[in-house]
Amino acid sequence: LMIEEGHAGKEICVGYDRRFLSKESAHWAAEVLVGYGFRVYMINRSSPTPLMMFVVKTHDMPYGMAVTASHNPAIYNGIKVFTAGGRDADKTVTNKIEEHIARIKPEDVKSVDYDTALAEGKITEKNPSNDYIDSILAAIDVEAIKKAQLRIALDPMYGVSQTSLSMILMTCRCDLEIIHDRHDTLFGGKLPAPNEDTLGPLAAVVMDRYRCDLGIATDGDADRLGVIDDQGQFVHPNKLLVLLYYYLVKYRGWQGPCVRNNSTTVLLDRVAAGLGQKCYE
């Protein structure tokens, strides 16, 4: 597909999460990409999916991929594909990829040994997390967060967010209480999805003797967010979305219409109207 689109020889970002065989699978993918003449930008540690998307965007790459099954049970693994600009591959792209997969025979697949490709410079191993974290810090009011002196409970759900999230929050001088941060490919025997059913332990930490101001949880590959408020209550993603939108328009001065999918709350439409904005479904 990438060769058909004229991307032969381009650099492609490959990353992976903490799931069983994720790193190995990412290396296998890199071997095949090199076999077809591409250069590989391999993120050299388990990382959040948004980090791969960030690299694809900032390095002007045509494609990238993450080996992850996101918030699904531990028995699964999979691949997320990203297109130019660090976007999720849409249905058109994924359909084309599936068509190519259906036609290919295992014995026809070309590949180059990982260590050989690394030695020849066709694969480069990098850790772009500093640039990623700096880009996030540049987008927030660090001084305001410092002044608030927040105590925050953090639940990475045995996934990949702990390093980047804790670094961001500690730079903002937050006190952290962290749970479920070890590397466990079975995710503690539970689903690595931050929802009302799975965030009981985080709510307990928020309401413990530490009395946190906020609880934050992320799924296995750190592209889904769960929030517990200072009363130990789960903040539904629909409510969180509306709060963030209100903040961006009211306090950050963002203008222009907003867009939501059809499973998102119509409260967003009403809030947008109240702020003189248009919301499209």
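## Pockets and their linings

α2 (49–58), α5 (129–137), α6 (142–148), α7 (162–171), β9 (214–218), β10 (225–228) and α9 (237–250) each contribute at least two residues to the lining of the largest pocket. Helices (H or I, at least four residues) and strands (E, at least two) are DSSP runs, numbered from the N terminus. The model is predicted: local features need pLDDT of at least 70, side-chain atom pairs count only at pLDDT 80 or more, and totals for chains, interfaces and linings use all residues. Residues are numbered from 1 along each chain as its sequence is written, and side-chain values use heavy atoms, without hydrogens and water.

A pocket is an open set of points on a 1 Å grid over the protein atoms alone, where a 1.4 Å probe fits, with protein on both sides within 12 Å along at least five of seven lines; lining residues have an atom within 4 Å of a point. A volume is the space filled by probe spheres set on the points.

| Largest | about 2,200 Å³ | α9, nine residues |

Of the 42 residues lining the largest pocket, I140, L225, V227, L240 and L244 are the closest to its centre. This lining comprises 31 nonpolar, five polar and six charged residues; Ala, Val, Leu, Ile, Met, Phe, Trp, Tyr, Cys and Pro count as nonpolar, Asp, Glu, Lys and Arg as charged, and the others, Gly among them, as polar.
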